[in-house]
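The sequence and structure are shown first.

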Amino acid sequence: MNYEFRDDEFWKQIPAWKDVTREEFGDHKWQLKNSVTKVAKIADMFDGTLPAELIADIEEGQVQTPMNVRITPYIFALIDWSNPYKDPLLKQFLPLGSQFLPNHPYHMDDSLHEDVDSPVPLLTHRYPDKVLFLPTTVCPVYCSYCTRSRLVGGTTDTKNKETYGANVKNWEPAFEYLRNHPEVEDVVISGGDAFMLKASLIKILGETLLDIPNIRRIRFATKGVAIFPQKILTDEDWMEALTDVHKKAVSMGKAAVIHTHFSSPNEITKWSQLAMDRLHGMGMIVRNQAVLQEGVNNSYEEMHKLVKQLSYINIQPYYVYQHDMVPGCEHFRTTVGEACRLESKIRGTTAGFNMPLIICDLPEGGGKRPIHSYFYYDEEIGISAWRAPLVKEGKVFYYYDPIVKLKPEIQDKWNDETLRDQMVEDFKKKAAEVMEAKDAYEKEVLKDSGVAEQA
Ligand SMILES: *Cc1c(COP(=O)(O)O)cnc(C)c1O
Ligand code: SF4
């Protein structure tokens with residue numbers, strides 16, 4: 001199948017940009033300078049043609065979202081402004097007040113315990129041979145559903161943050177830690193977003209990491225390819241730095257790759273294809289990590305389209321994340337059952353290496369697990385129980401489905417503290433019994449296989 005990606009002058013639908021030429025729109029400096037960071041400006045950009053209730057709803061969204069507004073003109077113009085209430089891009093970057101739901105009672109600011117599992121500042125070391133490094137807290141766009149809303153972007157009405165820009169001096173303890181931990185081979189450079197690191201910093205960071213003998217693989221995690229492809233096409237200094245790091249890695253027999261973050265097929269256009277042609281042409285491997293989101297990509301049609309189109313432009317769909325249990329995101333979350341059904345439907349629709357693994361990154365730092373690998377799930381009450389023997393032996397982790405998706409009589413129980421406590425306690429007791437029975441069976445039947453004590 002051949003895809004003809006969108007190549008029209010879609011930004012001209014925004015009155016403020018009706019005279020912007022293709023060349024201007026394609027320039028990374030123009031994109032940065034015209035990024036939308038103030039909701040108050042939006043009405044003017046449309047010459048007052050947007051309905052007043054939509055503007056009010058956008059403003060109300062700002063009171064509730066834990067994230068700042070920052071949207072590249074590219075994404076802002078791809079929003080279908082004639083149908084905003086159904087638009088997957090608007091929902092992600094400019095959420096409406098009317099979309100929000102109360103937080104789940106068990107939501108957590110640092111749901112993944114990234115700060116708990118941090119041996120030195122900016123570094124999370126949870127798995128034996130790979131680490132997560134957060135060199136900056138700024139991004140070229142801010143996603144309302146960000147799992148790191150506790151630290152990414154600036155302070156909002158609902159969240160106080162200590163934002164940090166990139167500062168090489170602050171990176172030294174992390175480098176030192178990596179030099180002293182030869183078991184670490186793999187560094188995920190995330191944030192924040194590596195797209196916001198200056199060319200000189202990309203080079204310093206990439207080369208310093210590659211020079212550590214035990215580091216074999218680095219990944220720049222960036223949403224940039226998805227929301228700001230113009231930078232790849234026109235920021236020559238930045239591309240030169242990336243190319244240098246990539247070449248150095250290859251010359252050392254190591255790997256430097258990009259992990260990007262497309263969540264909706266509406267983010268893919270001819271610009272994405274051209275940017276990918278450039279990255280692919282220089283031998284850069286690009287993989288994708290999407291977040292499963294209600295009304296964005298949780299239908300078979302949307303997910304299938306996303307997977308097929310990413311594959312077409314040489315981006316490997318790597319992960320789809322079950323939404324983390326962070327604040328301000330209840331309207332984005334889906335149930336584990338839904339995610340499992342989506343997984344069964346989508347598997348096999350294209351090459352296995354382009355099939356994303358749907359994973360749940362377990363609350364309280366259990367790490368990533370395939371979505372169907374819970375050991376017990378009561379879908380009716382929306383609680384699943386999981387184990388992560390490699391990461392935290394012996395601990396049981398729980399994921400809670402969004403309450404709004406449960407039956408009304410179950411929702412009533414969740415909304416009554418006494419009934420809720422009883423329901424959760426009963427579930428945990430049942431899960432413990434199931435776990436014991438499984439362990440006993442495995443001990444008896446699999447006693448020589450070496451996996452008996454594991455999940
Ligand atoms: C996701 C993550 C990694 C990388 O895991 P992969 O499964 O290799 O993509 C490393 N460290 C932490 C803390 C993570 O959350
Ligand atoms: S780009 Fe990534 S880190 Fe930045 S706001 Fe979006 S999800 Fe969060």
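A residue is taken to be near a molecule if one of its heavy atoms lies within 4 Å of it. The model is predicted, so that local features need pLDDT of at least 70 and side-chain atom pairs count only at pLDDT 80 or more, while totals for chains, interfaces and linings use all residues. Residues are numbered from 1 along each chain as its sequence is written, chains are lettered from A and ligands numbered from 1 in the order in which they are written, and side-chain values use heavy atoms, with hydrogens and water left out.

**Ligand site**

Around ligand 2 are Met67, Cys139, Val141, Tyr142, Cys143, Cys146, Val152, Gly191, Gly192, Lys223 and His261. This shell comprises 7 nonpolar, 3 polar and 1 charged residues; Ala, Val, Leu, Ile, Met, Phe, Trp, Tyr, Cys and Pro count as nonpolar, Asp, Glu, Lys and Arg as charged, and the others, Gly among them, as polar. Ligand 2 sits in the largest cavity. A cavity is a set of points, on a 1 Å grid over the protein atoms alone, where a 1.4 Å probe fits but cannot get out, and a molecule sits in it if more than half of its atoms lie within 2 Å of its grid points.

Two residues of the shell, Gly191 and Gly192, are joined by a cis peptide bond with omega of about 15°. Gly192 belongs to the loop between β3 (186-189) and α8.

**Helix packing**

Helices (H or I, at least four residues) and strands (E, at least two) are DSSP runs, numbered from the N terminus. Axes are lines fitted to C-alpha atoms, for helices over the stretch in contact, and angles run from 0 to 180 degrees between N-to-C directions.

| Helix pair | Angle | Axis distance |
|---|---|---|
| α7 (residues 168-179) and α8 (residues 199-211) | roughly 15° | within 11 Å |
| α13 (residues 300-312) and α14 (residues 336-346) | about 55° | 10 Å |

Helix α7 is therefore roughly parallel to α8 (angles under 35 degrees). Helices α13 and α14 are oblique to each other, the class left after roughly parallel, roughly antiparallel (over 145) and roughly perpendicular (65 to 115). The crossing of α7 and α8 is right-handed, and α13 also passes α14 in a right-handed crossing; in such a crossing the near helix is turned clockwise from the far one by less than a right angle.

**Positive phi values**

His113, in the loop between α6 (88-93) and β1 (123-124), has a positive phi near 55°. Asn314, in the loop between α13 and β7 (315-321), has a positive phi near 70°.

Definitions and conventions:
1 Å grid on protein atoms, 1.4 Å probe; cavity = no way out; pocket = protein on both sides within 12 Å on 5 of 7 lines; lining within 4 Å.
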